[in-house]
Amino acid sequence: MSKPHILIIGSGWAGFYLASYLSTSAYSITIISPRRTSAYTPLLASAACGLFNFYLAEEPVRSKSRSSIKYHKANVISITFSTQTAHCIPAFDSPSPSSSDISNQPFDIPYDHLIIAPGCGTNTFSTPGVTTHALFLKNVSDAMTIRKLLFDLLEKASLPTCTPSLAASLLHVAIVGGGPTGVEMAAELDDLAHHELRDMYPEVAPYIRISIWDVAPNILGAYDRKLYEYANERLVRRNIAVETGAHIEKVEQGAFWTKEKGKVDCGMLVWATGNKAVDLTESLDVRKTTRGLVRILTDSHLRVYKSKAEDGDEVFENVFGLGDAADIEGASLPTTAEVACQKAKYLVDFFNDRAKTNPPSAKPFEYQQKRLVSYIGSHDGVIAGRGDQEGWTGRSAWLAWRSGSVMWTRSWRHRLVILLTWLLNSIFGKEIAKM
Ligand SMILES: Cc1cc2nc3c(=O)[nH]c(=O)nc-3n(C[C@H](O)[C@H](O)[C@H](O)COP(=O)(O)OP(=O)(O)OC[C@H]3O[C@@H](n4cnc5c(N)ncnc54)[C@H](O)[C@@H]3O)c2cc1C
């Protein structure tokens, strides 16, 4: 008998977890994703600032140990639920304009069970110029672009023709978004500026300025007041400008405009704001959230709701939604890797149990709230409280963040190399210029 076919859309935290742990002896598995690697997103800011090599911040989808899993480098553009078919188009960076080129030829993949996990894009809030002039931090190639631009700016500022005022503009790094991603990016850059860059670029490193811009009244708004005020005070003490209540109006090459301060020169602007639904999520004919971020709605077993109930059936029994792209009706869980992985584990248990005992357990998904942890630079961090337990700050919070970040990687080889790199960095400094 042929094995039931599970089709997974997306190779991010949710899709990659499923592909790593679903039973390949019970199921034939296919992943469709434009990315042939899965990024360990919590490690991206560190990778951009040279804490370790880029390859440690991602994992390839294809693996020797699970070679029976099929992967196609493509985007799913639509799904016909009635015929259980996903319609796909290959995803290559520079496809040939010729329609006979294989990279332009659409294809269909049938499924028995479908997992929808295409994540989210970055929300630019339709701000003019952002897609052209800002940098993002969603995957390893974004982290590489940030690092390359940083060194190009340092080299430009070091040219004999560069004036001090131009050096100050070039070496202003503005980060839009005061959530954990924006704050960690600022913290890692500041650490780099105060250590390796000071030695490598002694003449221009003093011109480096870092600023965080957010429309909200506070940065790290998901934390308690005591913690976000602490983070704010520590960042400002290290000369990181924290500009809250700031409305970015447009971004151009070398500058951006805010409603409050007018034109601000900068050499690099990293856009690290909220999420936006990807095209597939927007276009699917299923029930979705009606307010805020557009997400696919599922029941508590992660089954996707139909747009209209058919013959009394409200959900597709064989279609599941998870990760940032989906939410359980009435739950409003955050868009985090933690939630994506817990839901993926739930589905792995569901499918692997089902292969052994049919029907599988009917237990609904329950989210186990973990503590929020953020790095704020200079070996300091903030950890949110939980229940009756208070949050805390300082070196022990940094150590908890550090050890947590190494546990994000699922490969022991990656963990060992990261630990070894940290040890070598602490003894000899980062090898940043060589990467
Ligand atoms: C810099 C950064 C740091 C973060 N730090 C943390 C942290 O410390 N802790 C935490 O819990 N969370 C963190 N997050 C959030 C976390 O990364 C996301 O919540 C998580 O990636 C969501 O997983 P996902 O599988 O839903 O989506 P993603 O990981 O975004 O993966 C989606 C996948 O689907 C693919 N895809 C998109 N459209 C299609 C399509 N049409 N067809 C096929 N494939 C498609 C994408 O290419 C991608 O491979 C961080 C995020 C960022 C950007």
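Colleague: Is Y21 buried, partly exposed or exposed in this model?
Modeller: Bear in mind that the model is predicted. The relative accessible area of Y21 is 39%. Buried needs under 20% and exposed needs over 50%, so Y21 counts as partly exposed.

Colleague: And Y17, buried or exposed?
Modeller: Y17 has a relative accessible area of 15%. The cut-off for that class is under 20%, so Y17 comes out as buried.

Colleague: Let's turn to the rings. How are W13 and W408 arranged?
Modeller: Searching the whole structure turns up 12 aromatic pairs. In the W13 and W408 pair, the ring centres are 5.1 Å apart and the planes make an angle of 65 degrees. Planes over 60 degrees apart get their own label, so we call W13 and W408 edge-to-face.

Colleague: How many residues apart are W13 and W408?
Modeller: This pair links distant parts of the chain. W13 sits in helix α1 (residues 13-21), while W408 is in the loop between α11 (395-407) and α12 (412-428).

Colleague: What kind of aromatic pair do Y17 and Y21 make?
Modeller: Their centres are 4.7 Å apart, with 50 degrees between the planes. Stacked needs under 30 degrees and edge-to-face needs over 60. That leaves Y17 and Y21 as tilted.

Colleague: What separates Y17 and Y21 along helix α1?
Modeller: Both belong to helix α1 and are 4 residues apart. So the separation is about one helical turn.

Colleague: Which residue lies over the face of Y305?
Modeller: K306 lies over a ring face too, 5.4 Å from the ring centre, but that ring is F316. For Y305, the distance to the ring centre is 4.2 Å, and the limit for such a contact is within 6 Å. The residue over Y305 is R287.

Colleague: Last one: which residue in the turn between β22 and β23 has a positive phi?
Modeller: Strand β22 (residues 373-377) is mostly covered, with 4 of its 5 residues buried. It runs antiparallel to β23 (residues 380-383), joined by 4 bridges, and G377 stands opposite D380. The two strands form a hairpin with 2 residues between them. The turn residue with a phi of about 50 degrees is S378.

Conventions: Residues numbered from 1 in each chain as written. Predicted model: local features only at pLDDT ≥ 70, side-chain atom pairs only at ≥ 80, totals over all residues. Heavy atoms only, no water. Buried < 20%, exposed > 50% of the residue type's maximum accessible area, 1.4 Å probe, protein only. Pairing = 2+ DSSP bridges. Phe/Tyr/Trp six-rings, centres within 6.5 Å; stacked < 30°, edge-to-face > 60°. Lys NZ or Arg CZ within 6 Å of the ring centre and 35° of its normal.
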